[in-house]
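Visitor: I am new to this structure. Please show me how to read it, one feature at a time.

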Amino acid sequence: MDIAPSFLPLLQVFATEMTKPTFHTFTTLITGWVFAPCRTILGMVRATGSERHPAAFHRLFAVARWAVDRVGLAVFDLVTTNVQTVFLGGDDTLLSRSGLKVFGTGMHRDPLLSSRSHTVTRWGHCWVVLCVVFESRWCPGRRFALPVLCRLYLNQTSAAKWNRTYQKKTDLMIEMLCRLERHAASGKRLHFLGDSAYTAPAVLAQIPRAIQVTGRVVANVRLHEAPPTRAPGQVGRPRKRGPRLPTPQERLDAKGACRRTLTLYDHAVYSVRLAEQMGRFYKAPDRDVKVIALEHLRGGRGVEVFYTTETVALAE
């Protein structure tokens, strides 16, 4: 049982990071992954009909000398060859597991089963994932997120159990963004997209300045002007922030908000009141941001506030 020849070039990013025997084992395992109805290691081995001992395939992930990060960076180079502005998406995902002896497992919030008023937790792995967002050549207008880097998040209980240093999810995401920013070729512009957990002002202050950021904030976020220019001969510590600005909610409540009709998300139409302003966050006083506040006139979405460090972008 062999893989279709058109699929083989996609595996070449692994060949550059693996030895020849390791890559042969990996190719065999991927063949089983494509054809196996149950995608476990044993299920993949059975699907290929290989007579090798299953431990050889377990060693591929346990002790073989290859690095997932280097493969992910090679995938990044492959999909962004002719792209100048690379959009990145980041979030965490829960992979449910069973068994108390599986490394790194713990109780995590399930975002698919939880709501604002009700939280459901499940036992498993929580992965923080950084993806490249690109538009399909065969389906124009449709975009996909291809994972390139990932980190296993251990909650405080699991970190203590496995004798690891506890790191927050945002710390893991910032670590991956820094690594990708160092790896990206000069001339490429990186633009990170995330929800409020990964683009909050406190997180924005730690993201490299070379990476543009678009995300969400709360409606009462504190905004300030840029600090005033120091006068010649002025002594003392320089100011970090200028005068305080109205919050996005206060901008909406003022008479300056205008009505717009936005067509987004597969031709869904939204009637909103929109207010925009420039400023700097209190917890990220070194970066200019453009803040867009929306009040939905229909439906239950209420008030939403977005921002971007790409200050020349239009509000729409």
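Guide: We start with the whole chain and then turn to single residues. One point comes before that: this is a predicted model.

Visitor: Which elements, and how many, make up the chain?

Guide: The chain holds ten helices and twelve strands. Its C-alpha trace spans about 75 × 50 × 45 Å along the principal axes.

Visitor: How many residues are there, and what share of them is buried?

Guide: There are 316 residues in the chain, and 38% of them count as buried. The chain exposes about 19500 Å². Carbon and sulfur atoms supply 55% of that area.

Visitor: What share of contacts joins residues at least 24 apart?

Guide: Take the contacts between residues at least 6 apart in sequence. Of these, 52% join residues at least 24 apart.

Visitor: How many positive and how many negative side chains does the chain have?

Guide: The chain has 44 positive side chains and 24 negative ones. The centres of the two sets lie 4 Å apart.

Visitor: Now aromatic rings. What describes a pair of them?

Guide: Two things do: the distance between the centres and the angle between the planes. This structure holds six aromatic pairs. Take F26 and W66: their ring centres are 6.5 Å apart and their planes meet at 55°, so the pair is tilted.

Visitor: Where in the chain do F26 and W66 sit?

Guide: F26 belongs to helix α2, residues 20-35. W66 is in the loop between α4 (54-62) and α5 (68-79). The two are 40 residues apart, and the pair links distant parts of the chain.

Visitor: Are F26 and W66 buried or exposed?

Guide: Both F26 and W66 are buried. Ring pairs also link F14, F26 and W66 into a cluster.

Visitor: Next, a residue in a strand. Where is T308 found?

Guide: T308 is in strand β12, which covers residues 303-308. Buried means under 20% relative accessible area. T308 has 11%, so T308 is buried.

Visitor: Which residues is T308 in contact with, leaving aside those within four places in sequence?

Guide: H191, V213, T214, D288, V289 and K290. The side chains of T308 and T214 make a polar contact at 2.9 Å. A polar atom of the T308 side chain also lies 3.5 Å from the backbone oxygen of V213. For scale, look at G187: its C-alpha is separated by 20 Å from that of T308, and the two are 121 residues apart along the chain.

Visitor: Now loops. Where is the place of S136?

Guide: S136 is in the loop between β3 (121-135) and β4 (143-153). S136 counts as buried because its relative accessibility is 11%. A polar atom of its side chain lies 3.1 Å from the backbone nitrogen of C139. Leaving aside neighbours within four places in sequence, S136 is in contact with R142 and F144.

Visitor: Is N163 buried or exposed?

Guide: N163 has a relative accessible area of 70%, so N163 is exposed. The loop that holds N163 runs between α6 (156-161) and α7 (169-183). Check its backbone too: phi is near 60°, a positive value in a residue other than glycine.

Visitor: How far apart are G49 and D91 in sequence and in space?

Guide: G49 and D91 are 42 residues apart in sequence and 37 Å apart in space, C-alpha to C-alpha. G49 is in the loop between α3 (41-48) and α4. G49 is exposed, at 53% relative accessible area.

Technical notes:
Residues numbered from 1 in each chain as written. Predicted model: local features only at pLDDT ≥ 70, side-chain atom pairs only at ≥ 80, totals over all residues. Heavy atoms only, no water. Helix = DSSP H or I, 4+ residues; strand = E, 2+ residues; numbered from the N terminus. Buried < 20%, exposed > 50% of the residue type's maximum accessible area, 1.4 Å probe, protein only. Contact = heavy atoms within 4.5 Å. Areas by Shrake-Rupley, 256 points an atom, 1.4 Å probe, with all protein chains shown as cover. Lys, Arg positive; Asp, Glu negative; His and termini not counted. Charge placed at Lys NZ, Arg CZ, Asp CG, Glu CD. Polar contact = N/O pair within 3.5 Å; in protein donor to acceptor, adjacent residues only side chain to side chain. Phe/Tyr/Trp six-rings, centres within 6.5 Å; stacked < 30°, edge-to-face > 60°.
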